[in-house]
Amino acid sequence: MLRLLRPLLLLLLLLPPPGSPEPPGLTQLSPGAPPQAPDLLYADGLRAYAAGAWAPAVALLREALRSQAALGRVRLDCGASCAADPGAALPAVLLGAPEPDSGPGPTQGSWERQLLRAALRRADCLTQCAARRLGPGGAARLRVGSALRDAFRRREPYNYLQRAYYQLKKLDLAAAAAHTFFVANPMHLQMREDMAKYRRMSGVRPQSFRDLETPPHWAAYDTGLELLGRQEAGLALPRLEEALQGSLAQMESCRADCEGPEEQQGAEEEEDGAGSQGGLYEAIAGHWIQVLQCRQRCVGETSTRPGRSFPVPDFLPNQLRRLHEAHAQMGNLSQAIENVLSVLLFYPEDEAAKRALNQYQAQLGEPRPGLGPREDIQRFILRSLGEKRQLYYAMEHLGTSFRDPDPWTPAALIPEALREKLREDQEKRPWDHEPAKPKPLTYWKDVLLLEGVTLTQDSRQLNGSERAVLDGLLTPAECGVLLQLAKDAAGAGGRSGYHGRRSPHTPHERFEGLTVLKAAQLARAGTVGSQGAKLLLEVSERVRTLTQAYFSPERPLHLSFTHLVCRSAIEGEQEQRMDLSHPVHADNCVLDPDTGECWREPPAYTYRDYSGLLYLNDDFQGGDLFFTEPNALTVTARVRPRCGRLVAFSSGVENPHGVWAVTRGRRCALALWHTWAPEHREQEWIEAKELLQESQEAEEEEEEEMPSKDPSPEPPSRRHQRVQDKTGKAPRVREEL
């Protein structure tokens, strides 16, 4: 009977009084109340949801989330207070400081005894603290299983909350809950449809789509970078500092979770090779190694945005770089020096940081005593290095594994016996040759607001990974300008280097190609119009920006090669044709259809990471792009070209593709490849831009010297000709490159 009454009693305690507004987000519904068992609350919430009792479901699910967060705060607070107990302090050697060499004698190895005493004292302190905060036996009574932790990590309660709020006609909160779930599960098809419906509802405001779970340091970080980009360093500084402190606090919270029950790390035992060996000391060492491995992973978790599958590289050092730049702009040279010295703790040989330090010191004048790196960063690095030292020891002597999350770890810290093996592993998989990893669709519309661009098909709809079709990148008028550019360049024949020839892939088509530099050279010579060459540059940058925003928002992409390509069917050679316009291939590896493997080695362009095809026309037969399985036979998706349609995809074995035969007409597209490796960026693009700028400046100087025959010349701001489409709207052509 009590079990049946429990949800009703909780509901009476948790629901707001009649007529009161629904509290936003996750406002604590029962102020001051100790956390309840999240697993029981969650189970009761799901039962209420299944029964259609929407109000009880909302109350129970929200209280489950609140209690789970409260338990985390208790664990963090108790861990911090017990760590400050002098009797429970860990030996200095475990915190990164070397053990003093006292020579042979009874004191040698005394840190082991100190560790056992400290562990017992720490356990007693944690037990007493949990009892005070949670009640007797609270830590064991409120223990949350791994399945529930995973559900909360995936934000599954918000999936149920959005539906319950919708049924209660609370559309603002329904949209917020839906957005919160979608951020962490961007490939959830049903939620994507629900989000689209919410956006069409008149009662839902744009502000409703807010993430209720994003750690505060991300909001501060994004705002700080935005303000810094607008040269508002004074406003950016407090947000950047808030982001850094929030990042460190988030890391502490993550580290506190690592000290939970041994069952918490059980899922990683097989992966990390840190399982129990059966004996007392082996079991202690195994659990301790699990804790250290978990703590080191907190760096990646803190620097990974919700819903993303990879962390922001060098998250803490980059925040310090932004801080010292902002302080320098504001004239706060002492703070600038503190932050740049902190960068040098991570990377002592960073040339940019050393130059900035010399500049700040010269501007400051007299040396300031006591001016050094930030204390919080010094503590972080000292502790991290101490943990890495122990993990590498265990890796060398106990056979465990450890994947260091930090690129700044000093080589001298790694035992000599392990260096060669780790070096070989790095050489086998350098960062710019790693296979593309699937990354979810998140925030791309927020990253790049390009009017008229729509997502037509994503990777799920294209039956693959890291594939997308987007429409609206070009207006019909812009397609016409680029098609005319291709026609004019082809008409120049041998003088342009763009004369048609048999395709390298099939004898039944004619192939024409134009690079951005050749287009700029032809424009300067007057062979083609300068507007087409300028638009070619502008559009290639437009595609690069959108590709980065969609697939790689945290890692810059560079244009590697841009090619305007036209394929024309040769009349009289198309009947019973069995070949392809372009055989099935992958763009950065040599595909072996027999084995399904793709060898990332020459002659493949191994540095290409993402590919794009921007189509200019559809008035031809055949020529569809298609994706296959690695066997090069099983077609998984097919895309029909049309003006302004972009097909973008990662360049590896996950996206083998080909082109069906062009059997009539002329098919033109802009082919683009992108790379993460800056050394492989397209130098011809930069040369073309400079050449066009020089030509434009020369034309303007000529116009200033010659009297105009036009009695009413256009003002300079309208000097560039802009074509219009049928609706009379000017295309998106930048007036300056």
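Guide: A disulfide is a pair of cysteine sulfur atoms within 2.5 Å. The model is predicted, so local features need pLDDT of at least 70 and side-chain atom pairs pLDDT 80 or more, whereas totals for chains, interfaces and linings use all residues. Residues are numbered from 1 along each chain as its sequence is written, and side-chain values use heavy atoms, without hydrogens and water.

Visitor: Why is the pair Cys 258 and Cys 294 called a disulfide?

Guide: Their sulfur atoms are 2.0 Å apart, and the cut-off is within 2.5 Å, so the pair qualifies. The torsion about the S-S bond is -75 degrees, and the link of Cys 258 and Cys 294 is left-handed.

Visitor: What makes the disulfide of Cys 479 and Cys 643 right-handed?

Guide: The torsion about its S-S bond is about 100 degrees, so the disulfide is right-handed. Cys 479 lies in helix α20 (residues 476-491) and Cys 643 in the loop between β12 and β13, so the pair ties together parts 164 residues apart in sequence. Helices (H or I, at least four residues) and strands (E, at least two) are DSSP runs, numbered from the N terminus.

Visitor: How do you know whether Cys 479 is buried or exposed?

Guide: Buried means under 20% relative accessible area, exposed over 50%, and partly exposed in between (1.4 Å probe, protein chains only). Cys 479 has 2%, so this residue is buried.

Visitor: Why is Cys 643 given its own class of accessibility?

Guide: Cys 643 has 25% relative accessibility, so this residue counts as partly exposed.
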